[in-house]
Each structure stands twice: as C-alpha cells, then as structure tokens.
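Dear colleague,

I am passing on the structure we spoke about, with the sequence alongside. Please open it next to this message, and read the notes below with the coordinates in view.

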Amino acid sequence: MDEALLRSLTPGVLTVLVRRGADFAAAEDAVQDALVEAIRVWPADPPRDPKGWLVTVAWRRFLDATRADTARRRREDRADEEPPPGPVPAADDTLQLYFLCAHPSLTPSAAVALTLRAVGGLTTRQIARAYLVPEATMAQRISRAKRTVSGVRLDRPGDVGTVLRVLYLVFNEGYSGDVDLAAEAVRLTRQLAARVDHPEVAGLLALMLLHHARRAARTAPDGSLVPLAEQDRGRWDTRLIAEGVGILQPALARDRLGEFQAQAAIAALHADAPTAEETDWVQIVEWYDELARLTDSPVVRLNRAVAVGEADGPGAGLAALAELDESLPRHTAVAAHLHERAGDRETAARLYAEAARKATDLAERDHLTRRAARLNVHRGGR
Amino acid sequence: MGRAGTEENIMAKYLLLKHYRGAPAAVNDVPMDRWTPEEISAHVQYMNDFAARLEKSGEFVDGQALAPEGQWVRYDGEGRPPVTDGPFAETKDLIAGWMIIDVDSHERAVELAGELSAAPGAGGRPIHEWLEVRPFLTAPPTVPECLAHG
C-alpha cells in the first residue's frame, strides 16, 4: 500500500468534512478512523479513487459518531445541546490546517502531535511510537490539543513562523520507532512551500534537505556519531544538496533574511566543500555573525567560536569562547575541541571527560567519552 | 516556543524515583505498617489518581513498584553459572519504584514530583517524602547543535 499517498490525502479529506459542516475535532476523529481502516483494507483491496474512498468512509464514520452522540444526548435529555455548525474554511484549506495545528495557544508538544495527525495523516499509534510514549497518553495529548483549538476559526491566515517551528521540531526528532519523522517533516514542509511564497519557508526546506543529505554519513555502523570533519563526503546525497541549494539561492536573493535561511546558508557552505580542509570558514563566521544578530542564541555564539577557531586558528577561537558564559550547555565541549586543535592534549582530554558528564544526549556523551579516551591513550595514561 | 538552533527539547522524559532507603528522611516519616488501613487505602488511591491524571494530561509513560528484596548477580566466567549474593540488609540505597513522565519542561517535572511527594501517609497528612528526579538522556537532534562534534 502507498502510505505516502494515503498521508498526502489526509488534509484534503479532513477539509472536505469540515466544509460539509463537521466540526474540526469530530471530523479529525472520523478521518483518523478512515485512515486506520484504509491501512487495514487497502493492501488486499486497493480503491480506484483513494481520496473518494477516504471521504466516503470518513463521512460515514462522522455521521455514525454524530448519531450515537445525539442519541446519547437525547437519552441524557439534553437534546438542545446540538453541536454548532462547523466553520467554513477559505480558499486553501490545507494551509488553514497547518495554521490551526500550530496555533500559538498550543504547547509545542501538542502542536507537533496534532500536526502529525491532522496534516501528516499519521495514526496515533505511529506518533506514540515515534515519541516513545503509550498510545493512550498520545491519544489524550491529541484530544486536549483539539479541545484547545476548538474555538479557533479556520478562515483567517495564521502565523507562518509558528508553523515553521513545529515542522523544525518534528525534523529534529529524527528517526525513532517505525516512522521516519525527519522524512515526514521534509514532506510536510515541501507541501507547505508549494502553498506559501515566503523566504523563510524556503529557508527551512533548504535547511532540512541539506541536513537530510548528510544523514547516512552522520553515524558509523555501530551507531556512534561521526563529526562533520570526519564524514565520508562521498556518502552525502548530492541530489538533495543540489535541491536544497536551488531552493535557498532564490530565497536569499529576495533579501528578506531570517534564521532558517542563515542556517541553511551555513549548511550549504559545508555541503559545498569537497573536503573538510577546503571549507570556507571565513564565510561561515560571517553567517554566524548574521545569525547572532537575528537570534541571540547561545548555541549560535558557541558555534561561532568553533568557526572562528577554524578561520583564524584555535587561539582566536578560545578568545571568542572566553567572551561567553561558561555555564552555557556545550561550552566545555567546545573548549575541549579548541584545546585539542591547539595541541594541548592534556587539557582537551580533561575537558572532554567533563563535557561527557554534562551531556544530555546519549550519542554525544559516548562521542565525547571516546574523544577523551583517545587522547588519554595517546598520552599513555590510564 | 524556543528558537531554531537553540537548546530545545520538545518533550523530555524524567524518571521520578522513590526510595525505600537512601533518601533523606521524610517530614511525616512513619513506616507504612504503622498506618491505619484507611490511611493505606487513601495513599494507594492518591497514587492511582495521580497516574490517571497524568494519562489524561498526556504526560504519563510508565509507573512500576519494586519488591524491597532482590539479589546481586554477576558473571563468573565462561561456562559457569552466574554468582548470586544478597540480599544485603545493609544496602544503603534501595529503590521502591518509579514513575516515568514525558513533560514540556524541567519545571513541570519538579512540579509533578512535588505533587507525588504530597501523597497522604500517617494521620492522612502528606508524607513530604524526597523523590529523585532524573532526566533521560535523549537521542541526537537531526540538526547538530554543536559544530565541534556534529
């Protein structure tokens, strides 16, 4: 069965139901039921018109649920509380769904879950597995999210920025369980870019493609992280890189710079270097200066210090680092790296070990521990 | 919502760890076998309600209780059965059980641990027991956060 097709139809089916008068929460439940049914039935009996099939099944489910609900209400003698007629969405329904599911009233986790289900067409079970929580927990998270946005009208344009944050979060979650969330984020961002002409949407899509292109080279067969400088660049996906650069360039030419475009520009400069030694670090430092102006993020300032260390030597990098707060996450890891580049193995080994103790991510902790171990072996110490 | 490229975890898992022994003394520090049966029931009810509430809020992952006594086991070489030892009465740190939560922030994890610590004990008053809150290590993000090792 073509699951990608099934998912790409989801937002369209959902908006058909809403346009027919179903309220968003009930329509979304009905579509979810239809998706689960499609996954069960389609492999043996593929429909000729998949979207028509989904609309028919979802609408029937919606009517069944409404009738059951009405009957229950009648039994409870509250027949006067009929659900109000649903909002009628404007021209591009799918776009409105993106805005609704990333509505600022939602917490990031709620927005992510709702987007994956209502726009992405993933089942609750798939989302629960991807985020390693029980299905019942994820189901509750999604119901709460739907209740939160139940009063929001579908007919007004929303904030593209919040949608981009949600898609970025999904992309960053990477791959866990049976769903490739990074690939799903790329798909949803492509779908968005086809509907919105906005340089930051293009910037985010380019950023995703450029990082996605390096994925195969980022981990060794044993699962350990391979740093950028040591990656086998022959394993980078040149097609994705070309696509990312092709999307980024016209966006940058519009001269409405944003943080996703700047991040993508840095990723493009890395992708452009045939070897790590040929990286244009001077330009990368300039892009980090732009990013620092745009975001004031501590991660940006730390990465800038690393880039300065490559462009002007480890001494300059350590000087840039000295201006930053030592309590920043990864400050110690960056210091270890710069000391190693400067040839001070003893300090580097000590700092790598300290950075490993502070790491919040398992692969990163193991990587830093290996770094320390390697330097300690070379020094002959145990 | 955080910024792109900043330290941001959408949801993070935390282990709330309850100790039989090894934690600092609780405020209402009366052993459970000295409570009235009603006080025990009230305590169990509170714990169940707490887990149910977390499931409703979409934050519950797991909760388990452990028997107080266990064995120590270690490998003893090729072809030999593992060596077992204990239980040792003098073991200082003894885990009683845990709850795993998936929450939006560290502050929320602390808030929930505080509520769990308010479970009623002797006299129907909160136990105020010390719970350990430990973050899970995460998977690496798709967009590396540090140039030095991404």
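This is a predicted model: local features need pLDDT of at least 70, side-chain atom pairs count only at pLDDT 80 or more; totals for chains, interfaces and linings use all residues.

Chain A as a whole. The secondary structure of chain A consists of 19 helices and two strands, and its C-alpha atoms fill a box of roughly 80 × 50 × 40 Å when this is taken along the principal axes. Of the 382 residues in chain A, 43% count as buried. If one takes the contacts in chain A between residues at least 6 apart in sequence, 61% of them join residues that are at least 24 apart.

A pair of helices. Helix H12 of chain A (residues 238-253) and helix H13 of chain A (residues 259-272) have axes that come within 10 Å and cross at roughly 135 degrees. On the H12(A) side the contact is made by Ile241(A), Gly244(A), Val245(A), Leu248(A), Ala251(A) and Leu252(A), which meet Gln261(A), Ala264(A), Ala265(A), Ala268(A) and Ala271(A) in H13(A). By class, the residues of this contact are nine nonpolar and two polar, with no charged residue.

The contact between the chains. In chain A, 49 residues are in contact with 30 residues of chain B. Several helices of chain A each supply at least two residues of the side that touches chain B, among them H13, helix H5 (108-119), helix H8 (160-173) and helix H19 (362-378). The largest share of that side comes from H15(A), with seven residues. Sorted by class, the side of chain A that touches chain B has 26 nonpolar, 15 polar and eight charged residues.

A residue of chain B. Asp33(B) sits in the loop between strand E1 (12-21) and helix H1 (37-56) of chain B. Is Asp33(B) buried or exposed? Asp33(B) counts as exposed, because it has 6 C-beta neighbours inside 10 Å, and the cut-off for exposed is 12 or fewer. Between Asp33(B) and Gly70(B) there are 37 residues of separation in sequence, and their C-alpha atoms are 21 Å apart in space.

With best wishes

Methods
Residues are numbered from 1 along each chain as its sequence is written. Chains are lettered from A and ligands numbered from 1 in the order in which they are written. Axes are lines fitted to C-alpha atoms, for helices over the stretch in contact, and angles run from 0 to 180 degrees between N-to-C directions. Helices (H or I, at least four residues) and strands (E, at least two) are DSSP runs, numbered from the N terminus. Two residues are in contact if their C-beta atoms, placed from the backbone, lie within 7 Å. Ala, Val, Leu, Ile, Met, Phe, Trp, Tyr, Cys and Pro count as nonpolar, Asp, Glu, Lys and Arg as charged, and the others, Gly among them, as polar. A residue is buried if 20 or more other C-beta atoms lie within 10 Å of its own, exposed if 12 or fewer, and partly exposed in between; C-beta atoms are placed from the backbone.
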